[in-house]
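User: Walk me through this one, please. Keep it short, and start wherever you like.

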Amino acid sequence: MIKTSPRRLAIDGDAVVKEALRRIEQPSRRLFLQRSLTLGGLSLLSGCAIVDEESAEHALMAVSRFNDTVQGWLFDPRQLAPTYPESMITRPFPFNAYYGEDEIRQVDADSFRLEVTGMVADKHAWTLPELQALPQTDQVTRHICVEGWSAIGKWGGVPFSNFLSRIGADTSARYVGFKCSDDYYTSIDMPTALHPQTLLTLSYDGQPLPPRYGFPMKLRMPTKLGYKNPKHIQVIFVTNTYPGGYWEDQGYNWFGGS
Amino acid sequence: MTDDTRPIHPAWLRATHWLNALAVVILAMSGWRIYNAAPFFDFTIPREITLGGWLGGAIQWHFAAMWLLAANGLAYLLCNAGTGRLLRKFFPLSPRAIVADLLAALRGRLSHADLHHYNAVQRAAYLLVMVDAVLLVLSGLVLWKSVQFPLLRELLGGYETARRVHFFAMAALVAFIAVHLAMVAVVPRTLVAMIRGR
Ligand code: HEM
């Protein structure tokens, strides 16, 4: 039995604040926010420059960290996302990434190895057939995008909590991080990693996961927004150090839960 | 009738009213930017009147101002109900009185001599906008945490329906504000009272 600890994020308030400050200091994302956040509206709201834009950004980032904490606290590890009949699957299921469809990465199945690092007992790299040999399950759930749209799809694969226990992951760690072959990266909280509907998916709608949906594997969480669900996963690591994420480092909320 | 020593609006009401106005402006403008990311109607909102610059920025504004709206709204409702002001100021209210006051207003015969007293149309409009704001918060909660609030989600018809509910509740609020501001322009003394209390 894996023990889940849904309150972890709420408890460690100090660390959250420290991380928030560290992240605010990062020059790359400061520049990004300066370019983006301040345009289109802030000057409208403040008349001209009465509101110090930089302190507004700091305050908004701090609230976003606060929202991470609240979401960790609201997250109920036993609360399941609704499932749907196959007749309700959205066809075609939309493609979405930080790049266009013409740039979809092609990953070679034979040479593919899934690396597992960090706070895990068994760090051997997994081949695709090894992963396919693990017990699989599937589910039809709603994918909700941060943009607001949603679509229903059917994903199949290995329950992630089973995989974590197989690799001897330290489930008292705070984060599970992902690095992907399309240079995407993200990270999630341990309670969500252990949620019964969190799947290391290898198939979509009964077929091997096609490249557009993240071949050879995607982490599917119906309890999180789309950008939290990494595709083309290459490395999975368990850590206590905040790993951030591609969009999260630019200002998307880190917890990103629904 | 008019008792000039009594404040027209207590301080807590003025404070919560203006904090609410601030929260609503931020939420509406950033919400329009979020809508633009995946519009479900044939139109988008002109960028110039949206807040946040890009989707991530708009969401940060929206998810910060939501706390202000919810906490401040709760404080307003609790103070209003707790002090008995809600009952005193907004009731009794009957459809007949609303129609009568509406007709009188249209003929320019509605008295504004006593600002302590809301007419039936004001009572109805303010009560409706309170209910609308509660609906906005609840539907927003479903959009933010649809998995964690299953009962609320099903009551609002599921995630996609809740999106529409949230949008139309926003539209109703914006319509209220337009009329509200027009009325304030017609009787500017009410604005002074909402700022200074008398
Ligand atoms: C931003 C510009 C706004 C201005 C200038 C303004 C002005 C006023 C004034 C002058 C009054 C007093 C009316 C009277 O004495 O007859 C009032 C009351 C009220 N306003 Fe506004 N308002 C604004 C925004 C809003 C917004 C955004 C909302 C709601 C979403 C709102 C909701 C109300 C309510 C519910 C009352 C009655 C409050 C009570 O007596 O409990 N107002 N407003």
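## Iron site, helices and loops

User: Is B:His180 buried or exposed?

Analyst: B:His180 is buried, because its relative accessible area is 19%. The cut-offs: buried is under 20% relative accessible area, exposed is over 50%, and partly exposed is in between (1.4 Å probe, protein chains only).

User: Before we go on, what am I looking at, and how are things numbered?

Analyst: It is a predicted model, with local features needing pLDDT of at least 70, side-chain atom pairs counting only at pLDDT 80 or more, and totals for chains, interfaces and linings using all residues. Residues are numbered from 1 along each chain as its sequence is written, chains are lettered from A and ligands numbered from 1 in the order in which they are written, and side-chain values use heavy atoms, with hydrogens and water left out.

User: Fine. Which residues coordinate the iron atom of the ligand?

Analyst: B:His17 and B:His180, each through NE2, at 2.0 Å. The two histidines come from distant parts of the chain, 163 residues apart. B:His17 sits in helix 1 (residues 11-37) of chain B, and B:His180 in helix 7 (residues 159-186) of chain B. Helices here are DSSP runs of H or I with at least four residues, strands are runs of E with at least two, and both are numbered from the N terminus.

User: What counts as a donor?

Analyst: An N, O or S atom within 2.8 Å of the metal, or 3.2 Å for Na, K and Ca. Water is not among the atoms, so sites may look incomplete.

User: And what is the arrangement around the iron?

Analyst: Octahedral, because the six donor atoms subtend angles of 82 to 179°. Six donors get that label if opposite donors are over 155 degrees apart and all others between 65 and 115.

User: What does B:His17 meet in helix 8 of chain B?

Analyst: I can give you the groups. B:Leu13, B:Arg14, B:His17 and B:Trp18 of helix 1 meet B:Leu191, B:Ala193, B:Met194, B:Ile195 and B:Arg196 of helix 8. Contact means heavy atoms within 4.5 Å.

User: At what angle do those two helices pack?

Analyst: About 105°, with the axes of helix 1 and helix 8 (residues 189-196) of chain B 8 Å apart. That makes the two roughly perpendicular. Angles of 65 to 115 degrees get that name; under 35 is roughly parallel, over 145 roughly antiparallel, and the rest oblique. Axes are lines fitted to C-alpha atoms, for helices over the stretch in contact, and angles run from 0 to 180 degrees between N-to-C directions.

User: Back to helix 7 of chain B. What does B:Phe176 touch?

Analyst: B:Ala125, B:Tyr126 and B:Val129, leaving aside neighbours within four places in sequence. B:Phe176 lies in helix 7 and counts as buried, at 18% relative accessibility. Its C-alpha is 8.9 Å from that of B:Tyr126, 50 residues apart along the chain.

User: How do helix 2 and helix 5 of chain B cross?

Analyst: At roughly 140°, with the axes of helix 2 (residues 55-82) and helix 5 (residues 120-144) coming within 11 Å. They are therefore oblique to each other. Residues in the contact include B:Phe63, B:Trp67 and B:Tyr76 of helix 2 and B:Met130 and B:Trp144 of helix 5.

User: What is the secondary structure of chain B overall?

Analyst: Eight helices and zero strands. Of its 198 residues, 43% count as buried. The C-alpha atoms fill a box of roughly 55 × 35 × 30 Å, taken along the principal axes.

User: And chain A?

Analyst: Eight helices and nine strands. Buried residues make up 56% of its 258 residues.

User: Where are the cis peptide bonds?

Analyst: One runs from A:Arg91 to A:Pro92, with omega near -5°. A:Pro92 is in the loop between helix 5 (53-74) and strand 1 (115-118) of chain A. Another joins B:Phe91 and B:Pro92, with omega about 0°. B:Pro92 is in the loop between helix 3 (85-90) and helix 4 (95-106) of chain B.

User: Last one. What is the phi of A:Asp183?

Analyst: Positive, about 70°, although A:Asp183 is not a glycine. A:Asp183 is in the loop between strand 4 (175-180) and strand 5 (185-189) of chain A, and counts as exposed at 57% relative accessibility. A:Asp205 also has a positive phi, about 55°, and counts as partly exposed at 24%.

Technical notes: Four donors count as tetrahedral if all angles lie between 85 and 135 degrees; four count as square planar and six as octahedral if opposite donors are over 155 degrees apart and all others between 65 and 115; anything else is irregular.
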